[in-house]
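Please consult the sequence and the structure below alongside the text.

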Amino acid sequence: MTDRAAYRFTRTHEWISQDTGVTRVGITDYAQGQLGDVIYVELPRVGSEVTAGGKFGVIESVKAASDLYSPVSGKVVEVNGAIAGQPEIVNQEPYDGGWMMAVELAGAASGELLDEAAYTAFVEGL
């Protein structure tokens, strides 16, 4: 199980991890569970700019299609090509192999991000 102490979360169920030298972005275990079996993920192009709170992609499951929102602003330096061919990785490993993009930050991360305890409390209140 991934140690999520260094992760930060949004109320739209995305996460960031900055402990790998880059800021990786993905969706939470709660989000993938609500979606069900993921069948398609649309990601931004490397080199594109993302804005905190702005749409960066789409995720589709057998139940629904949902927009993905960036928790941070910056330049996309990498996307997870593995999930294009195997989107089910998002269900199997939302915090590890199912990450979606890596961003070179433009400034500090948003103040709207929650630590693990705050995110867990938020989800329990839904």
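The model is predicted.

**Fold and dimensions**
- The chain contains four helices and nine strands, arranged along the sequence in the pattern β-β-β-α-β-β-β-β-β-α-α-β-α.
- A compact globule of 126 residues would have a radius of gyration near 14 Å, so the 13 Å of this chain agrees with that expectation.
- The C-alpha trace spans about 35 × 35 × 25 Å along its principal axes.
- Among contacts between residues at least 6 apart in sequence, 61% join residues at least 24 apart.

**Interior**
- Of the 126 residues, 41% count as buried.
- The largest nonpolar core has 20 residues, of which Ile 27, Val 41, Ile 59, Val 90 and Met 100 touch the most other members.
- Two or more residues of this core come from each of strand E3 (23-27), helix H1 (29-35), strand E4 (38-42), strand E6 (55-61), helix H3 (89-92) and strand E9 (101-105).
- Another core, of nine residues, lies apart from it and includes Tyr 7, Phe 9, Tyr 95 and Val 123.
- Beyond its neighbours within four places in sequence, Val 41 is in contact with Val 58, Ile 59, Leu 68, Ile 83, Pro 87, Val 90 and Met 100.

Technical notes:
Residues are numbered from 1 along each chain as its sequence is written. This is a predicted model: local features need pLDDT of at least 70, side-chain atom pairs count only at pLDDT 80 or more; totals for chains, interfaces and linings use all residues. Side-chain values use heavy atoms; hydrogens and water are left out. A nonpolar core is a set of buried Ala, Val, Leu, Ile, Met, Phe, Trp, Tyr and Cys residues joined through side-chain atoms within 4.5 Å. Buried means under 20% relative accessible area, exposed over 50%, partly exposed in between (1.4 Å probe, protein chains only). Contact means heavy atoms within 4.5 Å. The radius of gyration is taken over C-alpha atoms; the globule rule is 2.2 Å times the number of residues to the power 0.38.
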